[in-house]
Amino acid sequence: MADIFREELTDRQRLTLRACLHGGYFESPRRSTATEVADALSLTQTTVSQHLRNAQRKLFEGMFEQL
């Protein structure tokens, strides 16, 4: 899984995932929204959502391939 994180994800995807994780985006209830994460990264909410979806897809694909 660490290989996928390092080799398959772009720098922006890794940055976005870290910002979401540390910002509480994945918690329930959420401590931050995609818009708040985007503001912190000086990106648009749409861009953050795209990076997040693409990163999650790559990680999940890699995880299921290893099963």
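Q: What makes the place of H51 a helix, and which helix is it?
A: Helices are DSSP runs of H or I with at least four residues, strands are runs of E with at least two, and both are numbered from the N terminus. H51 lies in such a run, helix α4. This is a predicted model, in which local features need pLDDT of at least 70, side-chain atom pairs count only at pLDDT 80 or more, and totals for chains, interfaces and linings use all residues. Residues are numbered from 1 along each chain as its sequence is written, and side-chain values use heavy atoms, with hydrogens and water left out.

Q: Why is H51 called buried?
A: A residue is buried under 20% relative accessible area, exposed over 50%, and partly exposed in between, with a 1.4 Å probe and protein chains only. H51 has a relative accessible area of 17%, so it is buried.

Q: Which residues is H51 in contact with, leaving aside neighbours within four places in sequence?
A: Contact means heavy atoms within 4.5 Å. On that basis H51 is in contact with R12, Q13, T16 and L43.

Q: Why does V48 count as buried?
A: V48 is also placed in helix α4. Its relative accessibility is 1%, so it counts as buried. Beyond residues up to four places away in sequence, V48 touches T16, A34, V37, A38, L41 and L43.

Q: Is A19 buried or exposed, or in between?
A: A19 lies in helix α2. Its relative accessibility is 22%, so A19 counts as partly exposed. A19 is in contact with V37 and L41, with neighbours within four places in sequence left aside.

Q: What makes a set of residues a nonpolar core, and how many residues has the largest one here?
A: A nonpolar core is a set of buried Ala, Val, Leu, Ile, Met, Phe, Trp, Tyr and Cys residues joined through side-chain atoms within 4.5 Å. The largest such set has 14 residues, and L9, L17, Y25, V37 and V48 have the most contacts inside it. At least two residues of this core come from each of α2 (11–23), α3 (34–41) and α4 (45–66). In soluble globular proteins, nonpolar side chains tend to be buried together.

Q: Why does Y25 count as buried?
A: Y25 has 13% relative accessibility, so it counts as buried. Leaving out residues up to four places away in sequence, Y25 touches C20, R30, S32, T33, A34, V37 and L52.

Q: How many aromatic pairs are there?
A: Rings of Phe, Tyr and Trp (its six-membered ring) pair if their centres lie within 6.5 Å; planes under 30 degrees apart count as stacked, over 60 as edge-to-face and the rest as tilted. The count by this rule is 1 aromatic pair. The rings of Y25 and F26 have centres 5.4 Å apart and planes at 80°, so they form an edge-to-face pair. F26 has 41% relative accessibility, so it counts as partly exposed.

Q: How do you know that the charged end of R30 sits over the ring of Y25?
A: A charge sits over a ring if NZ of Lys or CZ of Arg is within 6 Å of the ring centre and within 35 degrees of the ring normal. The charged end of R30 sits over the ring of Y25, 4.0 Å from its centre.

Q: What is the peptide bond from S28 to P29 called, given its omega?
A: This bond is cis, with omega near 0°. P29 lies in the loop between α2 and α3.

Q: Why is S42 called exposed?
A: S42 has a relative accessible area of 68%, so it is exposed. S42 is placed in the loop between α3 and α4. Its phi is near 60°, a positive value in a residue other than glycine.

Q: How many helices and strands are there in the chain, and what makes it compact?
A: The chain has 4 helices and 0 strands. The radius of gyration, taken over C-alpha atoms, is set against the globule rule of 2.2 Å times the number of residues to the power 0.38. The chain's value is 12 Å, close to the 11 Å that the rule gives for 67 residues, so the chain is as compact as a globular protein of that length.
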